[in-house]
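Here are a few exercises for getting to know a new structure. Try each one yourself, then walk through the solution.

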Amino acid sequence: MYYICLDIGGTSIKYGLLNIEGKILVKGTVPTRIIKNENYILVDVKKIIKNIQEEYGMVYDIKALCVSTAGVVDPVEGKVVYAGPTIPLYTGTEIKKEIEKMFNLPCTVENDVNCAGLGEYWRGTGVNSKSMVCLTVGTGIGGSIILDGKLLNGFNFTAGEIGYMDVKGKYIQDIASTRYLVKMVKEEKKRLEGIECQLTGIEIFELAKN
């Protein structure tokens, strides 16, 4: 059995074709398209799925679709119930409904950091743990909690959503995420060198290592 898996973030959409053991057979990434405060996430997700089906559907028996996404997610409805300003007009997006309607395959949707935690619990540093906490720092900041082998979604699906924690009137992810780091480094380099520069979080960490 094979699965099309997608990870939707504020910077990019990563995707792959995986088998039931979690082996990645095909993978790729595209930028998250946000133009004039509108996102084109569902348009691009549908295009990615369609392309994988057309290219690999005859070779691999694709059974389902799996989506991890930024934002607070209702995993039963497969719906984004809240998304911060990093992805405009994303709150209320019914991913599961839209994808199942178009492709006639079951689709599971979960918060991206919850998926990261489940992945670490299944195949990563959480193997053999009974309970664990996973933290991520990227475009935003996120957390997930697994207790006694079960993912904790919490009240209104907000367990582990530390990125929205208030710090002096701002979300912590607005002042401590990789997105904020990139912004601050660009401003500092412009102040010191008098030039505009384009840097990614990866490049900044490499500069720091060197």
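**Exercise 1. Find Gln173 in its helix, then say whether Gln173 is buried or exposed.**

Step 1: look in helix α4, residues 173-176, and you'll find Gln173. Helices here are DSSP runs of H or I with at least four residues, strands are E runs of at least two, and both are numbered from the N terminus. The model is predicted, so local features need pLDDT of at least 70 and side-chain atom pairs count only at pLDDT 80 or more, while totals for chains, interfaces and linings use all residues. Residues are numbered from 1 along each chain as its sequence is written, and side-chain values use heavy atoms, with hydrogens and water left out.

Step 2: check the relative accessible area of Gln173, which is 9%, so Gln173 is buried. (Buried means under 20%, exposed over 50%, and partly exposed in between, with a 1.4 Å probe and protein chains only.)

Step 3: list the contacts, meaning heavy atoms within 4.5 Å. Leaving out residues up to four places away in sequence, Gln173 touches Gly140, Ile141, Gly163 and Tyr164.

**Exercise 2. Describe how α1 and α2 cross, and what makes the contact.**

Step 1: take the axes of α1 (residues 41-56) and α2 (residues 95-103); they come within 11 Å and cross at roughly 35°. Axes are lines fitted to C-alpha atoms, for helices over the stretch in contact, and angles run from 0 to 180 degrees between N-to-C directions.

Step 2: pick out the residues in contact. α1 brings Leu42, Val45, Lys46, Ile49, Lys50 and Gln53, and α2 brings Ile95, Glu98, Ile99, Met102 and Phe103.

**Exercise 3. Work out the strand order of the five-strand sheet and name its edges.**

Step 1: read off the order of this open sheet, β3-β2-β1-β6-β9, with mixed pairing. Two strands pair if DSSP finds at least two bridges between them.

Step 2: go to the edges, β3 (24-31) and β9 (107-111). Each has a single partner strand, so one side of each is left without a neighbour in the sheet.

Step 3: zoom in on β1 (residues 2-8) and β2 (residues 12-19), which run antiparallel and are joined by seven bridges. Leu6 has Tyr15 in β2 as its bridge partner.

**Exercise 4. Now try the three-strand sheet: which strands are at its edges?**

Step 1: write down the order of this open sheet, β10-β11-β12, with antiparallel pairing.

Step 2: find the strands that pair on one side only. These edge strands are β10 (132-137) and β12 (150-151).

Step 3: look at β11 (residues 141-147), which pairs with β12 over two bridges. Ile146 stands opposite Leu151 in β12.

Step 4: helix α3 (residues 112-123) packs on this sheet too, touching β10, β11 and β12, with its direction at about 50° to that of β11.

**Exercise 5. How many disulfides does a search of the whole structure find?**

Step 1: look for pairs of cysteine sulfur atoms within 2.5 Å. The search finds zero disulfides.

Step 2: check Cys107. Its nearest cysteine sulfur, that of Cys66, is 7.5 Å away, and Cys107 is buried at 2% relative accessible area.

Step 3: check Cys115. Its sulfur is 8.5 Å from the closest cysteine sulfur, in Cys66, which is too far for a bond. Cys115 is partly exposed, at 25%.
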